[in-house]
Amino acid sequence: MLSDEAVEYRADHMTLAELEHLSVETNFYNTVLRKLLARGSKVIVGPRGVGKTHHMRLAYKQCLEQTNKPMPVYVSFSKYLRLEPLRNSSSIAIQYFHCWVISKCLLGVRETLLQLIKNYSSDTLNESEISWSDIELFCEQIEKQQTKDWHSRLLDHLSVNFLTSFIESSAELCGRKSTIVFCDDAALVLTKDYMIEFFDIFRSLKTPRIYPKASVYPSTEFGPRFHIGQDAEPVPCWPSIEDAEYQKLFHTIYDKRFSAELKSDVKMCFAYAAFGVPRAFINLVNRYQMERKKTEQGKINIIIDEQAQLLLDEYMSLAIKQPQFGKYVSAGKHIINCICRHIATDNAEKLKSNKQQYILGILQGGIEGKAEQNKVDTIIQLLEEIGLIHKLSPVRHGYYSDRSPRVYDRYIPHFTLLLSHGAYQVGSAGYITGFINAISKPKAQPYRKKSFIDFYEEEAFKSLSLDLPDCASCGNARSSQEQRFCMYCGAELINPSTFELLIKTKIDKLPLTKFLKERIRTETNIETIGDIALANNPGQELRKAKGIGKVKASKVIEQAKVWMEEYLS
C-alpha cells in the first residue's frame with residue numbers, strides 16, 4: 001500500500017508541516033539548509049525535482065518559528081514567462097518586469113508579516129500612497145499581459161531602494177535583526193533579458209541586513225553583470241550517485257513516504273534511476289506498485305523504458321521553449337543516446353570481470369576551434385538543465401610530451417538512460433536480483449574520449465547552427481540571435497513569443513481520456529490548453545459537454561494548470 005503522502009510530488013503543493021515531516025537529514029542536505037540560513041547571497045543549483053523548493057520552504061519555516069533567526073521572505077517567480085509577450089508588445093517590458101519582481105517581493109514580505117504579527121493590518125505600504133490591493137491587481141494584470149495607464153504610478157514609485165527600506169523596517173517591526181529573501185524559481189532561462197534584470201535586482205538586494213538566496217538550474221547564464229563566486233556563493237543541491245550517503249538518503253526517503261515493504265534491489269535500482277532526484281524516485285516506486293505485469297524484471301523494464309522516454313521527451317521540449325536551439329537540442333539527444341550505448345556496452349563487459357563503469361571522461365582542450373567548443377558548451381548546458389548529465393570534478397590522467405598534465409572532465413549520464421540501454425544486463429538473466437551487488441563493484445577507469453564530437457558525425461556537427469526566424473518584412477535571414485533590426489530592409493526583428501506558442505498547444509497533450517478530449521473538442525469552444533488555464537471561468541464552458549459535470553470540469557482545469565506549471569517552469 002502507498003502512504004497518503006506518496007501521492008504528492010511537488011514541494012510547492014504541500015503545507016509547511018508536511019514538508020518538515022517528509023524532510024530527510026543527511027550531511028549533504030544539512031549543508032544546503034545551513035547555507036540557506038547563513039549570511040550573504042547564495043545561489044542554490046540543481047535541475048528540476050532535486051529539492052530546491054523543498055529546502056527553501058523548509059528554511060522559511062524554521063525562520064518563521066525561531067525568533068533568533070532572520071525574518072524570512074519567500075517568493076516564487078515561476079510565472080515569469082507570462083510577462084514574456086510584453087517584450088514584443090511594449091517598449092518598456094523590462095520596466096514592467098522590474099516592477100513585477102519588486103511587487104512579488106513586497107507581497108512576500110506582507111505574507112511574512114501576517115504570519116509573525118498577530119492582527120497585522122495595513123492598507124498601504126509605509127508612508128506611500130500605494131495600497132496592497134494596487135500591487136495585487138498589478139501582478140494579476142501584468143501576468144495576463146494587460147498594461148494599464150495607472151501602472152505608471154507603480155513603475156515610478158517602486159524601486160529596489162523602496163523594497164530594501166520596506167524589508168528592513170518590517171524586520172524591525174517583527175523584532176528580527178536581519179532578513180533572508182528566498183527567491184525560488186529564479187532560473188528565468190527562457191527570457192535572457194529578464195534573467196539579466198532579475199540578477200541585477202538580486203545583487204542590489206544584498207545589504208548588511210538582507211541576505212538574498214535564489215534557486216537556479218545547472219549551467220544557468222546570469223548575464224554580464226552578475227558573477228558567481230563574487231556576487232553569490234553557489235550551493236549544489238543535486239546529490240551525486242557518487243556520494244557516500246546516496247543509498248542511505250533514498251532508503252530514508254522511502255521510509256518517510258511509503259509503508260509497504262520493497263525489495264532492497266528494486267529500491268536501489270529506482271534510487272539510482274532517479275539520479276539524485278527524490279521526486280523521480282517517488283514516482284518510480286508509485287508506478288512499480290501500480291504495474292500489473294507479473295515478473296519483477298518485466299515490471300522494472302517497462303517502468304525504466306517509460307521513464308527514459310519521459311526524460312527524453314522533457315529534454316526535447318526545450319526545442320519548443322527555445323526554438324532557436326532546436327538543432328542543438330536534437331544533436332544533444334543523439335549525443336546522450338550514443339554515450340549511453342557506448343558506456344552500457346562497455347559496462348556489460350566490465351561486469352564480467354567484477355568491475356563496473358558509468359563515468360565518461362572528456363579530454364580538456366580536446367577541441368581546437370572556438371566555434372566548435374561553443375557549440376559543445378551549448379549542448380552540455382541544455383543536457384544539464386534537464387539533468388541528463390551530471391558533471392563531476394576533473395581528474396588528471398597521464399602527461400603530454402611536454403610533461404604538462406592531461407586532464408579529463410568527468411560526467412555521469414542519466415542512470416535511467418544507462419539502465420534502458422542495458423548497462424547492467426549480463427546475458428539473458430534479469431539484472432534486478434543482483435543490482436546492489438553490481439552497483440557495489442569497484443569502478444574501472446572512466447570511458448574516455450577526446451571530445452563530445454566523437455559521439456556525433458563530424459561534418460554534421462560543423463554545420464550545426466542556430467535556427468533563427470527570417471525577417472517578417474523582407475524574408476531575409478538574420479545573422480545572429482542578438483540582431484534587432486534587419487540588415488536588408490531595416491525592419492525591427494520580432495522573435496515569436498514562447499509563452500504564446502505554448503498556450504496554443506492543443507488539449508490532446510493533457511493526460512485526459514479519449515472520451516473527455518473528444519467531448520471537449522466537439523461540444524465546447526475550447527481548443528487549446530490556454531483556453532482552459534487562462535480563462536476566467538473555464539468550468540462553465542467545459543460543462544457544456546455531455547458527461548462533464550462540476551467534478552470532471554474541476555479535474556480538467558487542474559490538469560491544464562499543472563501542465564502549464566510543469567511546462568513553463
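## Strands and helices in a predicted model

Val-45 stands opposite Pro-236 in strand 5. The model described here is predicted. Strand 1 (residues 42–45) runs parallel to strand 5, and four bridges join the two.

Both strands belong to an open sheet of five strands with parallel pairing, in the order 2-3-4-1-5. Strand 2 (71–76) and strand 5 (233–236) form the edges, each pairing on one side only. From one strand to the next, the twist averages 20 degrees. Helix 9 (residues 192–205) lies across strand 1, strand 3 (179–184) and strand 4 (210–216), and runs at about 150 degrees to strand 4.

Strands of a sheet pair through backbone hydrogen bonds, either parallel or antiparallel. Strand 7 and strand 8 pair in the antiparallel sense, and His-390 stands opposite Ile-412 in strand 8. Their hairpin has five residues between the strands, and Arg-403 takes a positive phi near 70 degrees there.

| Pair | Sense | Bridges |
|---|---|---|
| Strand 1 (residues 42–45) and strand 5 | parallel | four bridges |
| Strand 7 (residues 389–399) and strand 8 (residues 405–413) | antiparallel | seven bridges |

How do two helices pack? Helix 11 (residues 264–274) and helix 13 (residues 296–316) have axes 12 Å apart, at an angle of about 10 degrees. Angles under 35 degrees count as roughly parallel, so helix 11 is roughly parallel to helix 13. The crossing of the two helices is right-handed. Helix 11 makes the contact with Val-266, Cys-269, Phe-270 and Ala-273, and helix 13 with Glu-296, Ile-300, Ile-303 and Ile-304. By class, this contact has seven nonpolar residues, one charged residue and no polar ones.

Technical notes
Residues are numbered from 1 along each chain as its sequence is written. This is a predicted model: local features need pLDDT of at least 70, side-chain atom pairs count only at pLDDT 80 or more; totals for chains, interfaces and linings use all residues. Side-chain values use heavy atoms; hydrogens and water are left out. Axes are lines fitted to C-alpha atoms, for helices over the stretch in contact, and angles run from 0 to 180 degrees between N-to-C directions. Angles under 35 degrees count as roughly parallel, over 145 as roughly antiparallel, 65 to 115 as roughly perpendicular and the rest as oblique. A crossing is left-handed if the near helix is turned anticlockwise from the far one by less than a right angle, and right-handed if clockwise. Contact means heavy atoms within 4.5 Å. Ala, Val, Leu, Ile, Met, Phe, Trp, Tyr, Cys and Pro count as nonpolar, Asp, Glu, Lys and Arg as charged, and the others, Gly among them, as polar. Two strands pair if DSSP finds at least two bridges between them.
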